[in-house]
Every structure is written in C-alpha cells, then in structure tokens.
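Please open the model in the viewer and keep a selection tool at hand. The stops below are to be taken in order.

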Amino acid sequence: MGYGIALMFILVVLWGYRMFSQKVPDVVQARPDVVIHATEMTRDFNVNSAEVNQKYGNKIIRVTGTVTQVNQSGSVILGSGSDGSEIVIGLDQRHQQDVQKVTVGMQAVFQALYTGYEAGGVDKGDDLLSSLGATIHLRSGGLIKEN
Amino acid sequence: MRYLKFWLSLFILIAALTAGAQERFYTKTGVVRFYSKAPLENIEAVNNTVTAVLDAASGNMQFAVQMKGFAFEKALMQQHFNENYVESDKFPRAVFKGALTDKEAIAYNKEGVYHVVVKGALTLHGVTKQLEVPGTLQVGSGRLLGKATFALQLSDYNIAIPALVKDKVSNTVTITVHLDLQPLKG
C-alpha cells in the first residue's frame, strides 16, 4: 500500500516536472491550419479586419509572399503588393538562421502562428501608427521554402 | 541678382538643415524583451514584431505590441502569460503614446548617440499609466536606433499574480526596448 502511494507520488512529480519544463512546440514542423498567399491574406484584412482576426486567431499560417525586409534580429517582412499592407513574421529561436537563407525580392514560403494585426488607415495626425498601413503579425515562424 | 542668389542659397541651406526633422521614422520589427527574476525560475520572453513610429518634427512617438507576439521557451509559461496574466484575448495590444521631452536636443542630420527621455502613456491590460523612460537615440546612416530599459510593476496594470505562486513570481518586470527605425517614405 505504502509503495503504491510512493509510486503514485513519484509519477505525479514526474508528470508535473514534464509539464513545467516542456518547450513551446515547433510551429514550423506542425500541420498548417491555413495555406494562403500574402496578397490574399492582406486583402482579407482590408475588407473586414475584425472578422478575419477571429478567423485566424491562434491558427498556424503557411504564407507565400515576396520578402521586402530581412532583419538580423530574427524577423522577416512579406509585402503584399501595391496597397502597402505587410505581413511581419517573427522567427522562432530554433529557426533564426533562416534569415540567412532569404533576401529582399525573393519569393518565399513561411509558416508561423497568427498573433494579431495593426489596422492601417488615413493618417489622423495624432495617430502615427495608422500611417503605416495594415500590418499582420505572425510569430514563432520559420522558412518552409525559398524560390 | 546677387541678393537673389544669397536668399536662394540661404533657403536651400535652411531646407537642407531641417530636412531631417521633417521625417517620420518607423519599424515593424522592433524588439521588446521582458525579464522577471523569480526564485522558482526566471521568466523571459521576446517579441520581435513591434511596430513603432517617431515623428521627428513633433517628437511624438508611438508603439504597439501584440501581446500574443511574446515568445517564451517554456510552453506552460507562454500559456500562463496569455491566459492568466495579461489576458491577451481580452487585451490583445499594449500601446504607448508619448513624446521626446527635449526634441530640440536631437540633430537628425548629425551622427551620434543622444540621451533622451520619452514621456507618455502606456496602455497595458486595459489600464493606462503615465510613464517616463530614459534611453538613447543613435543617429546614423539615415536611420535611428532607439534603446531603453525600464521597470514595470505588474500590479500597476491590474495584472494579478495567482496566490499559489505569489512568492515565486516577481511583481517587477524589466522591459528592454530596441527599435531600429528607418525613414517612412510617402
């Protein structure tokens, strides 16, 4: 009886430790919830950002687009074309070296987790952020394919 | 004719000197880190998709941080941060709106490191508090590099630490901001 309780206690402690120390799953290795082109994604946001925000909430997105900026701090920007909207992808620590594999102007496919958006709009003077255009944010990303 | 040349030259000189101050500088890939020293384990996260804009003429500055954009190493920490602490579904963004206290001290056309103070309001977890943060602004190669480190009290923003871990998680978090700002065209 005493051994049983001790064994159960050990198992609970091991389970707790495993839960506590478990690393964040690698989004790049997971199956994507949404496969989309950057142009289509930004167009969706420009039509109805609140609704699309709900749709993409906590989803793993595989997005194809043209690289417009590469930052050594571990992020990449995909442009959508003429409307100035952009998709900003923060790379996972495990995929930081992917910034070395892409250059500006290149078509690339990234996979990352959707985290939110900044709405663009008419520059209202006191709202500096709105002057930047719509920005879609993804994190924990990595490169799937470069062309 | 000589007077015309003089005034024309003066106009061009003034225009050239003030050109830097007409611009807005921005980034969409700013980095915000937070660090909290705790007896059980230090808590650390980074967000490298921070949006920020600085208007050189007015000295006004704004930045927005998506709370779900913070990446942790441990899955449980990430979950607790979003669900129990900052409630990121309910309060998805933190926004700072403020201004440089001494915008005249920065020569945007002269390379160098300038010590600045940014004063404004930070809205986090639905609570807005005034904040005054010292930092540096480095002017060089047509870009600005902004850096600042400051401490926040979680209780100031109604972020409650669950009673079970109250003595294991610090109420004070250190925030480090790193913004590589480029000129905003158009």
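Select residues 12–20 of chain B, where pLDDT stays under 50 in this predicted model. Over this stretch the model has 4 contacts beyond four places in sequence. Where pLDDT is low, the predicted coordinates should not be read in detail. For the model as a whole, ipTM and pTM are both given as 0.85.

Next, select B:A52, B:V53, B:L54, B:V65 and B:L181. These residues have the most contacts inside the largest nonpolar core, which comprises 38 residues. At least two core residues come from each of β1 (24–36), β2 (43–55), β3 (60–66), α2 (75–85), β4 (93–100), β5 (112–124) and β8 (172–183) of chain B. The greatest share is that of β2(B), with 5 residues.

Centre the view on B:A52. Beyond its neighbours within four places in sequence, B:A52 is in contact with B:Y26, B:T27, B:G30, B:Q62, B:F63, B:L179 and B:L181.

Finally, turn to the interface, where 28 residues of chain A are in contact with 26 residues of chain B. On the chain A side, α1 (2–21), β2 (60–71), β3 (75–79), β4 (86–91), β5 (107–118) and β6 (135–146) each supply at least two residues. Here β6(A) gives the most, with 4 residues. Colouring this side by class shows 9 nonpolar, 14 polar and 5 charged residues.

Terms used
Residues numbered from 1 in each chain as written. Chains lettered and ligands numbered in written order. Predicted model: local features only at pLDDT ≥ 70, side-chain atom pairs only at ≥ 80, totals over all residues. Contact = placed C-beta atoms within 7 Å. Nonpolar A, V, L, I, M, F, W, Y, C, P; charged D, E, K, R; others polar. Core = buried A, V, L, I, M, F, W, Y, C linked by C-beta atoms within 7 Å. Buried ≥ 20, exposed ≤ 12 C-beta atoms within 10 Å, placed from the backbone. pLDDT = per-residue confidence, 0-100.
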